[in-house]
Amino acid sequence: MAEYTKVALDAMGGDYAPFEIIKGAVEAVNKRKDIHIVIVGKEDIIKEELAKYTYDKEQIEIKGASEVIETAEPPVMAIRRKKDSSIVVAMNMVKKGEADAFVSAGSSGAILVGGQVIVGRIKGVERPPLAPLLPTKKGFSLLIDCGANVDARPSHLVQFAKMGSIYMEHVMGVKNPKVAIVNIGAEEEKGNALVKETFPMLKACPDINFTGSIEARNIPYGDADVIVCEAFAGNIILKLYEGVGGVLVDKLKEGMMKNLRTKIGALLVKPALKETMKGFDASEYGGAPLLGLNGLVVKTHGNSKAREVCNSIIQCVTFKEQKINEKIKECIQKEQE
């Protein structure tokens, strides 16, 4: 096989595991020939599920893991005790260079802990942030951090901005991405202690295109490409974003089904509406990478179905091709000189 990206996929994590996870793996290899997937988990279950599909057998292999880390388990304890869990086994593959990336819809806590303890941080990276893409009016923006570092320091946020800029430019193709910090107003003097201390540091940073503060209401308009915040605010933004999006879709469907006239109207606008809504579907953009590690770790939503799993796997190819880890290392080394 020619040059390919090897992805270790956690088959046991997520609300729809292993069925949708395995389906997503098959979709990925049927779309791309430059991907090799190692599905990690309970062998008998994986074999039984794979037997339902047609795919190139050389592109998918199985690696056994007898244990499963459940969502409710304490992350640190689970990583230490369950050495033969799908998450630990797969992350060790990345650590040893046996896989280029790890993808999972499993326990967020275990993935965050495992990423730092097993895969390890790039030297000089203070805190690895979780960075999902948010759909916006202009396309998408990167929210960094959304769940890894609830109590961040200003220096952490500056590194988030740098790593987020590298990711947006080289993986998503956004030239000179605009960086903004989440705030309660546009004025520089506004904000809490963290924002007030971080703002001038971002302003003085030559490695990023800092545009100032961004209020939450401007995020959906795509006013910034990289949205910087600590994980407490980031997670609230992400969850509210998802909730409001779901409600709007439900209300739209409800309104279109009210009577015969609205049903006829719905049929007429359905093709255009479907295309528009596709742009606001988070699953189209894949998962959230945990940036700043020695290998690629991607966390997909716990309720991920096959399409998001597939896109998360494909996302790993660009990450490897663009040498994102190497670029982050260069940036951090430059910072320390």
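I began with helix H4 (residues 86–95) and helix H5 (residues 108–119), whose axes cross at roughly 35° and come within 10 Å. Helices here are DSSP runs of H or I with at least four residues, numbered from the N terminus. The axes are lines fitted to C-alpha atoms over the stretch in contact, and angles run from 0 to 180 degrees between N-to-C directions. I noted the crossing of H4 and H5 as right-handed; that is the word when the near helix is turned clockwise from the far one by less than a right angle. On the H4 side, the contact is made by Ile87, Val88, Met91, Asn92, Val94 and Lys95. H5 brings Ala110, Ile111, Gly114, Gly115, Ile118 and Val119. Contact means heavy atoms within 4.5 Å.

A word on the source: this is a predicted model, in which local features need pLDDT of at least 70 and side-chain atom pairs count only at pLDDT 80 or more, while totals for chains, interfaces and linings use all residues. Residues are numbered from 1 along each chain as its sequence is written, and side-chain values use heavy atoms, leaving out hydrogens and water.

Not counting residues up to four places away in sequence, Ile87 touches Asp10, Ile69, Ile79, Phe102, Ser104, Ser107, Ala110 and Ile111. I also looked up Ala11, which is 76 residues from Ile87 in sequence and 9.1 Å away in space, C-alpha to C-alpha.

Over in H5, Ile118 is buried too, with a relative accessible area of 10%. Its C-alpha atom is separated by 7.8 Å from that of Val88, 30 residues apart along the chain. Beyond four places in sequence, Ile118 touches residues including Val88, Met91, Asn92 and Lys95.

**Entry three: a histidine in H6**

Next I visited His156 in helix H6 (residues 154–170). His156 counts as buried because its relative accessibility is 1%. Which residues does His156 contact, leaving aside its neighbours within four places in sequence? I wrote down Glu126 and Arg127.

I finished at Leu260, in helix H9 (residues 260–278). Leu260 is exposed, with a relative accessible area of 64%.

How values were computed
Helix = DSSP H or I, 4+ residues; strand = E, 2+ residues; numbered from the N terminus. Buried < 20%, exposed > 50% of the residue type's maximum accessible area, 1.4 Å probe, protein only.
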